[in-house]
Amino acid sequence: QKAKELGADIISCSWGFINQISSKLRATIKDMYDSNIVVIFSSGNNNGLDLDLGNYEVEAELPWVIGVGATD
């Protein structure tokens with residue numbers, strides 16, 4: 001919420017929770033989207049986990065988020 005108060009246009013998050021997200025965090029991210037703030041989440045910061053097996057941060061899968069990832 002602080003980023004919104006300070007007038008942020010984009011919020012980039014490289015943290016997350018594998019396979020779970022609280023309803024409060026989900027609502028906060030949706031509020032940012034509704035306020036025209038772009039929210040970006042990494043799709044996986046846990047080395048060695050196979051994203052094809054569903055081991056990704058679920059925030060990156062929300063319809064209001066841009067999920068970003070990389071490969072080697």
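Buried here means under 20% relative accessible area, exposed means over 50%, and partly exposed lies in between (1.4 Å probe, protein chains only).

1. Basis. This is a predicted model, in which local features need pLDDT of at least 70 and side-chain atom pairs count only at pLDDT 80 or more, while totals for chains, interfaces and linings use all residues. Residues are numbered from 1 along each chain as its sequence is written, and side-chain values use heavy atoms, with hydrogens and water left out.

2. Layout. The protein chain has two helices and three strands, and their pattern along the sequence is α-β-α-β-β. Helices (H or I, at least four residues) and strands (E, at least two) are DSSP runs, numbered from the N terminus. Of the 72 residues, 26% count as buried. Among contacts (heavy atoms within 4.5 Å) with a separation of 6 or more, 75% come from residues 24 or more positions apart.

3. Sheet. Three strands form an open sheet in the order β1-β2-β3, with parallel pairing. Strands β1 and β3 (66-68) are at the edges and have a single partner strand each, so one side of each is left without a neighbour in the sheet. From one strand to the next, the twist averages 20 degrees; axes are lines fitted to C-alpha atoms, for helices over the stretch in contact, and angles run from 0 to 180 degrees between N-to-C directions.

4. Two strands count as paired if DSSP finds at least two bridges between them. Four bridges join β1 to β2; I10 has V38 as its bridge partner in β2, and I11 has V39. Between β2 and β3 there are three bridges, also in the parallel sense. On the β3 side, G67 is the bridge partner of F41, and V68 is that of S42.

5. Helix α2. The 12 residues of α2 should span 16 Å at 1.5 Å a residue, and the end C-alpha atoms are 16 Å apart, which agrees. The expected span is 1.5 Å times one less than the number of residues. The buried residues of α2 are L25, I29 and M32. They cover an arc of only 55 degrees around the axis, which puts them on the same side of α2; the arc is that of the directions from the helix axis to the C-beta atoms. On the other side of α2, S23 and K24 are exposed. The cover over the buried residues of α2 includes α1 (2-5), β1 and β2. After α2 comes N36, with a positive phi near 65 degrees.

6. Core. A nonpolar core is a set of buried Ala, Val, Leu, Ile, Met, Phe, Trp, Tyr and Cys residues joined through side-chain atoms within 4.5 Å. The largest such core has 14 residues, of which I21, I29, V39, F41, L62 and V65 touch the most other members. At least two residues of this core come from each of β1 (10-13), α2 (23-34) and β2 (38-42). Helix α2 gives the most, with three residues.

7. V39. Leaving aside residues up to four places away in sequence, V39 touches I11, I29, M32, W64, V65 and I66. Among these, I11 is also its bridge partner, and I29 and M32 are buried residues of α2.
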